[in-house]
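Please read the points alongside the sequence and the coordinates.

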Amino acid sequence: MERELHCEILSPDGSVWSGEAVMVVATAVDGQLGILFNHAPLVTALGDGPLRLKSADGSERKYVAHGGFLEVFRNRVTVLTDKIEEG
Amino acid sequence: MANAREISKRIASFGKTRQITKTMELVATSRMKKTHDRLQAAKPYTDKLASILHSMNLEGLEEKFPLLCGRPEVNRVAVLMISTNRGLCGGFNANVIRHARHVLSSLWEEGKETVLHVTGRKGNNALRYLGYEIASSRTDIGDWPSYDEAAEIARRFMEEYLDGDIDELRIVHAEYRGVASHPPVAETILPLRFDDDGHERAEFLLEPSSEAILESLLPRILENRVFKILLENSAGEQAARRIAMKNATDNADELIRILTRVYNRARQAQITQELAEIVGGAEALA
């Protein structure tokens, strides 16, 4: 087991993506925020901006979220958003 | 007894009706599956919203959020009734309408003022016919309600609530408890109420603050509740229609079976009579 975070992006229409990542960078209401393995439990409100998920092989997924929430709990990252675009 | 040709015409007409109800049954079955899937797909999001809320300590914050704390005195209650645009779904709408009328009259008994809002053509027409005053109605929500439509409805009532136009919002709708059970219920949506499931969670860091999170979390929860209700309504509609059309098809089968027997008897009687006439005629000639 690598030091990976299990990530899930949820929207009211269903799960947008779920998988593993080593680092998550999100745009919170008050600035950017990076999450690595063993991050303390956290809940934050997201602002408008990019959401990047870096996986162990170095590849990166990019989204743009418009508001929502991000929760970190026991190395599980959950992003809740009703508006998200890939790219 | 009616003559054989008339009966055979009736059989043909039942057959055609049966074909239509059978088709509608099949269409409803496939839509039911899709709407049911959407309802399921929305569940993780809903659960997570609730769990984020539970991870926060709401004590002492309730007063700061008008969406959470109820009014000391409730005078004006908005009642939103959710119905469908199309009929042929058994008692689905009738049950909701009956329940809405019940809710309205008990509110009146309590001396409260009500503002009635309706979605769905069926509910709108029925209540208008019954002489209710409808403040607003929407009939543009189709079989696949979108989150944006739900959010629009939620925001509208949220504004009215925050402006003090209404003290409470109740939504009367059919709850989706599975394929065969959709009882009408009245839910108080505003002020927002949460059932505390009581499970303790780890201490969370709340960024930037619990107030700021609540500020955007509460409207989302409200929108999501409305969205869930709209999804339940469309899933229930399709399920109810499937059952109604299945019953109609079964009834048509039964009628065709009985009529076929009547038809055979009539045909037999006709042949017997004709034979008797021929024999009688031949005897008279002999």
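1. In strand E5 of chain A, Leu46(A) is the bridge partner of Ala28(A). This is a predicted model, and the remarks below should be read accordingly. The pairing of E3(A) with E5(A) is antiparallel and extends over four bridges.

2. On E4(A), which covers residues 31-35, E3(A) has a further antiparallel partner, and five bridges join the two strands. Within this pairing, Leu33(A) of E4(A) stands opposite Ala26(A).

3. How far is strand E3 of chain A enclosed by the rest of the structure? The strand spans residues 23-28, and five of its six residues are buried, so E3(A) is largely enclosed.

4. A polar atom of the Thr81(A) side chain lies 3.0 Å from the backbone oxygen of Gly67(A).

5. What surrounds Thr81(A), once its neighbours within four places in sequence are left aside? The residues in contact with Thr81(A) include Ile9(A), Leu10(A), Ser11(A) and Pro12(A), and also Ala65(A), His66(A), Gly67(A) and Gly68(A). Tyr45(B), from the other chain, is in contact with Thr81(A) as well.

6. The interface between the chains comes next. The size of an interface is often given as the accessible area lost when the parts come together. Here, chain A and chain B bury about 2100 Å² between them, and carbon and sulfur atoms account for 67% of that area. In chain A, the residues that lose the most area to chain B are Pro12(A), Val43(A) and Phe69(A), which together give 29% of what that side buries. The contact involves 25 residues of chain A and 27 residues of chain B.

7. Polar and charged pairs also occur across this interface. Seven residue pairs are in polar contact between chain A and chain B, counting pairs in which both residues have pLDDT 80 or more. Four salt bridges are found between the two chains. One salt bridge is formed by Lys83(A) and Asp148(B), with 4.0 Å between the closest N and O atoms. On the side of chain A that touches chain B, at least two residues each come from strand E1 (5-11), strand E5 (42-54), strand E6 (60-73) and E7 of chain A. The most is given by E6(A), with seven residues.

8. Over all chains, the whole structure contains 26 salt bridges. In chain B, Asp143(B) and Arg31(B) form one at 2.7 Å, N to O. These residues are 112 places apart and link distant parts of the chain: Asp143(B) is in the loop between E3 and helix H5 (147-162) of chain B, and Arg31(B) is in helix H1 (residues 4-41) of chain B. Asp143(B) is buried, at a relative accessible area of 11%, whereas Arg31(B) is partly exposed, at 26%.

9. Two other salt bridges of chain B may be set beside that pair. Glu110(B) and Lys112(B) have their closest N and O atoms 2.8 Å apart; Glu110(B) is partly exposed at 49% relative accessible area, and Lys112(B) is partly exposed at 21%. Glu237(B) and Arg241(B) form a salt bridge at 3.0 Å, N to O. Because Glu237(B) and Arg241(B) are four residues apart in helix H6 (residues 210-285) of chain B, about one helical turn separates them. Both Glu237(B) and Arg241(B) are buried. In chain A, Arg52(A), Lys54(A) and Glu60(A) belong to one network of salt bridges that share partners.

10. The last point concerns a sheet in chain B. It is an open sheet of five strands with mixed pairing, in the order E3-E2-E1-E4-E5. Its edge strands are E3 (136-138) and E5 (184-190) of chain B, each pairing on one side only. On average, neighbouring strands of this sheet are turned by 20 degrees against each other, direction ignored. Strand E1 (residues 76-82) and strand E2 (residues 113-119) of chain B run parallel and are joined by seven bridges. Opposite Val77(B) stands Thr114(B) in E2(B).

Key. Residues numbered from 1 in each chain as written. Chains lettered and ligands numbered in written order. Predicted model: local features only at pLDDT ≥ 70, side-chain atom pairs only at ≥ 80, totals over all residues. Heavy atoms only, no water. Polar contact = N/O pair within 3.5 Å; in protein donor to acceptor, adjacent residues only side chain to side chain. Contact = heavy atoms within 4.5 Å. Pairing = 2+ DSSP bridges. Axes fitted to C-alpha atoms, helices over the stretch in contact; angles between N-to-C directions. Buried area = accessible area lost by both parts, 1.4 Å probe. Salt bridge = Lys/Arg side-chain N within 4 Å of Asp/Glu carboxyl O. Buried < 20%, exposed > 50% of the residue type's maximum accessible area, 1.4 Å probe, protein only.
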